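Subject: Structure handover

Hello,

Here is the structure for you to look through. My notes follow below it.

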Amino acid sequence: MKDKTIDYVLRATWQAVARMYNEEATKYDATMATGFALLSLDREDGTPSTALAPKMGMEATSLTRTLKSMEDRGLIIRKKNPNDGRGMLIYLTEFGKEKRELSRNTVLKFNESVRKNIPQEKLQHFIEVAESINELIQEKNIFNHPSAHHLAQQIDK
């Protein structure tokens, strides 16, 4: 196949972004997953543990190790949810809030750099295309569509 597939471009781009964030996080003895979790937690009111994984687009089991590490490092604390005795709320500690601000600034710096180097119109098109791809996937219109078999044959050529 001569042309790069859409999934290849998405995957390669995300891997480059993840690598960049992980390299930056390493300077602060952290990981991209930790930074992302810090940004996904409510600064003041805590976040139900059951809501965090979906908010981050992860499986709950994948998040467990990250949360344990964050708790061990003193970034978060867990408390029983007063509205749901079975659930837990996750709160940022003061140290966690400091690290959250660092993560926030890192993301903002990345966004600023991209916006400075890529024209607004191109960014808008990128966002629109990404949203359309997400809609196709969520509506299960990729492999359940009658032309999916035909498209697969075209890719194999």
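Where is the place of I137? I137 sits in helix α6. Please keep in mind that this is a predicted model.

Helix α6 covers residues 120-138. I137 belongs to a nonpolar patch on the surface, together with L136, I142 and F143. These four residues have about 420 Å² of accessible area together.

E128, E131, E135 and E139 form a negative surface patch. One of its members, E135, is found in helix α6. E135 has a relative accessible area of 44%, so it is partly exposed.

Q120 is also placed in helix α6. Its relative accessible area is 47%, so Q120 too counts as partly exposed. From Q120 to D7 the distance is 23 Å, C-alpha to C-alpha. In sequence, Q120 and D7 are 113 residues apart.

**The salt-bridge network**

How many salt bridges does a search of the whole structure find? The search finds 9. Side chains of opposite charge can pair when their charged atoms come close.

Start with E44. E44 forms a salt bridge with R43, and the closest N and O atoms are 3.9 Å apart. R43 is partly exposed, because its relative accessibility is 35%.

E44 also forms a salt bridge with K97, where the closest N and O atoms are 3.3 Å apart. This pair links distant parts of the chain. E44 is in the loop between α2 (32-40) and β1 (47-48), while K97 is in helix α5 (residues 94-117). The two residues are 53 residues apart.

Is K97 buried or exposed? K97 counts as buried, because its relative accessibility is 15%; the cut-off for buried is under 20%.

K97 has another partner. The side chains of K97 and E94 meet in a salt bridge, at 3.6 Å from N to O. Both residues are in helix α5, 3 residues apart, so about one helical turn separates K97 and E94. E94 counts as exposed, because its relative accessibility is 56%. Shared partners join R43, E44, E94 and K97 into one network of salt bridges.

**The hairpin**

Which strands form a hairpin with 2 residues between them? They are β2 and β3. Strand β2 spans residues 76-81 and strand β3 spans residues 84-92. The two strands pair in the antiparallel sense, over 6 bridges.

**A buried leucine**

Last, go to helix α4, which covers residues 60-72. L63 lies in helix α4. L63 counts as buried, because its relative accessibility is 2%. The C-alpha atoms of L63 and Q124 are separated by 31 Å. Along the chain, L63 and Q124 are 61 residues apart.

**Where to look**

- The negative patch, with E128, E131, E135 and E139.
- The nonpolar patch, with L136, I137, I142 and F143.
- The network that joins R43, E44, E94 and K97 through salt bridges.
- The hairpin of β2 and β3.

Best wishes

Note on methods: Residues are numbered from 1 along each chain as its sequence is written. This is a predicted model: local features need pLDDT of at least 70, side-chain atom pairs count only at pLDDT 80 or more; totals for chains, interfaces and linings use all residues. Side-chain values use heavy atoms; hydrogens and water are left out. Patches are made of residues with over 30% relative accessible area and no salt bridge: like charges are joined within 9 Å, nonpolar side chains (Val, Leu, Ile, Met, Phe, Trp, Tyr) within 5 Å. Accessible areas come from the Shrake-Rupley method with a 1.4 Å probe; for residues, only the protein chains shown count as cover. Lys and Arg count as positive and Asp and Glu as negative; His and the chain ends are not counted. The place of a charge is taken as NZ of Lys, CZ of Arg, CG of Asp or CD of Glu. Helices (H or I, at least four residues) and strands (E, at least two) are DSSP runs, numbered from the N terminus. Buried means under 20% relative accessible area, exposed over 50%, partly exposed in between (1.4 Å probe, protein chains only). Two strands pair if DSSP finds at least two bridges between them.
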